[in-house]
Amino acid sequence: MTITVEGGGRVTGRHDPAAHPRRPRTSYVLFLLPGALAFLAVIVVPFLMNTYVGFTDWQGVGSPKWSGLANYRRLLDDSEFWASFRHSLFMVVAMAAVPTAVGLVLAAALFDYVGKHFGSRIVAVLRACFYLPQVLPIAVAGIVWSWILAPDNGSLNALLKAIGLGSWQQDWLGDPDIALYSVMGVMVWVQLGFPLVVFMAGLQRVDPQLYEAAELDGAGWWRRFWHITLPQIRPEINVVLTWCTIAALKVFGAVYVLTKGGPGGATDVPSYFSFTTFFEKTQVGYGATISTVLTVIILVLALAGLGLQTRAEDAEEGGRT
Amino acid sequence: MTAAIRRWPVLVALCVAALFMVVPFLIVAVNAVKSPAEYSRNGPLSLPRGLYLDGLKDFWQRVDYGQKLVNSVLISGSVAVLAAVLSVLNAYAIGIGRIKGRTWVLAFFVLANVLPQEALVYPVYYLSKQAGLYDTRLSVIIVFTVIQAAFGTYLLSSVLGQFPREIIEAARIDGANKWQVLWRIVVPVSRPTIGVLLVFFFIWTWNEFLLPLVMLISNDNQTVSVALGVLQGQRLMDATMTNAAALLGVLPAIVFFLVFQRTLTRGIAVGAVK
């Protein structure tokens, strides 16, 4: 995903209607018409249908039977759902917190150390290495990793044996105590490139004089990182955290391909849970409830993230003028 | 001197980290060209003795990989173009036309893009069955055109919002109508951003999993991602074939990466630094 930091409200600037009292505005609306109709058919109607179905008892055939809040009550008591939701929080750590933190340090090190002392070519090559997993279909990443992590003959276990750590061998994806952490590790690998590239782009915006002044004052690398890099690219950090958290809550393909939610539900997540409720258990009403709750959580987070962003930008602009 | 000594460990550490990122790709490539006998004798870490390509060939034929590639290219290509057109039309109305309530319209598009696909998947599945579009590539094209256009509208609107007004005013005075202004002036000037969108739409659609998994069940319609994901889920493959599958899945991604690297990183820069 890429993101614009720009808030929606400031996109088009101010317009004073009195200045052009007779210019017709309707004709521009015509350009929005195809998009609006397509959105109605593909997003709005299905979304409203899904919300409605969440209040019904429906197996996908016949007509849905209104059941009010029954599905929601069931959800509250459904330990399977809460377990899957808890795993979501682990995914937030693996896909948002860790990649952001590591990405920051890597981006700063690449920009500051390697870029200055070894040249931009090496930076470009290293950045490319970190970004590569991002262009891989998640299904393919899943194949690669489930084979690497396979219990017998998997590369990781073979490697551990080869370097004399045979006792560390594990059934990485098949052991309920470890599987979630293995999936988390894979997701860090998948996700790391995105914050790295965004942060490196952000760093190019920072005035080099800030660093030079700090260096003259005798500030070491960590101090400069803490007092210049971090505050300067805060907008990027906000954006990356918001979008990666949303991506973490939506994660589906990786779980499908790596573990199918197993073993014994140890790696189940809400999106996979709703998928199986829809298509394997054919409890469409309940599946719709789960996905509605997931949607609400994600929308609240997205709005909070966007709000935070606009407020930070406004504060910054206020400070400048 | 001491500074130089301190720099090297940082570089070495970064190189080791980078190596860790690409090792999975290398190990897949190495094992995809081993014979099953060699694999079971020497394990996954040994270098291949020769070039054994039967695994790749078997896998290609078994899943009809050529057809999957055609499907993926067809779906992703159509989505990229259609979503870019839709984004341009939407963003023209919002960014240049400054229609009333544009902030709300834009917020709506953003939310549509953020929405989890799980909240759409069953109704889309159901409606497409009713409309006779289920298990057609067209159904996936339509859905992803709209989802990608939501993001495109957001990005392009902010770019077009800063479009120099004088150029448009001048064209209007010369008698160009809105349609002509759009195609003769706005689109050519915004070509770099539209290019970025095309690349991202193509790759994102290529990588999509959930909706194509649900919508495309017959072998002739499946995309690369779905075909590989489903096979993996069934765990029917031996190690060599798994690697063949992985390598064939990785290769298009690497090709995109090499071809579009600059666009990809510039795209993220365009998006994030604005």
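**Exercise 1.** In this predicted model, work out how far apart B:Asp54 and B:Lys57 are along helix 3 of chain B, in helical turns.

*Solution.* Start with the helix: helix 3 of chain B covers residues 54-63. B:Asp54 and B:Lys57 are three residues apart in it, so about one helical turn separates them. Next, look at the side chains: they meet in a salt bridge, 4.0 Å from N to O.

**Exercise 2.** Find which parts of chain A are linked by the salt bridge between A:Lys281 and A:Glu80.

*Solution.* First, check the pair: the bridge spans 4.0 Å, N to O. Then place each end. A:Lys281 sits in the loop between helix 13 and helix 14 of chain A, while A:Glu80 belongs to helix 3 of chain A.

**Exercise 3.** Decide how helix 3 and helix 10 of chain A are oriented: parallel or perpendicular?

*Solution.* Take the angle first: the two helices pack at about 105°, with axes 12 Å apart. Angles from 65 to 115 degrees count as roughly perpendicular, so that's the label for helix 3 and helix 10 of chain A. Now look at the contact: among its residues are A:Tyr113 from helix 3 of chain A and A:Arg224 from helix 10 of chain A. A:Arg224 also forms a salt bridge with A:Glu215. A:Arg224 is buried at 9%, whereas A:Glu215 is partly exposed at 45%.

Definitions and conventions: Residues are numbered from 1 along each chain as its sequence is written. Chains are lettered from A and ligands numbered from 1 in the order in which they are written. This is a predicted model: local features need pLDDT of at least 70, side-chain atom pairs count only at pLDDT 80 or more; totals for chains, interfaces and linings use all residues. Side-chain values use heavy atoms; hydrogens and water are left out. Axes are lines fitted to C-alpha atoms, for helices over the stretch in contact, and angles run from 0 to 180 degrees between N-to-C directions. Helices (H or I, at least four residues) and strands (E, at least two) are DSSP runs, numbered from the N terminus. Angles under 35 degrees count as roughly parallel, over 145 as roughly antiparallel, 65 to 115 as roughly perpendicular and the rest as oblique. Contact means heavy atoms within 4.5 Å. Buried means under 20% relative accessible area, exposed over 50%, partly exposed in between (1.4 Å probe, protein chains only).
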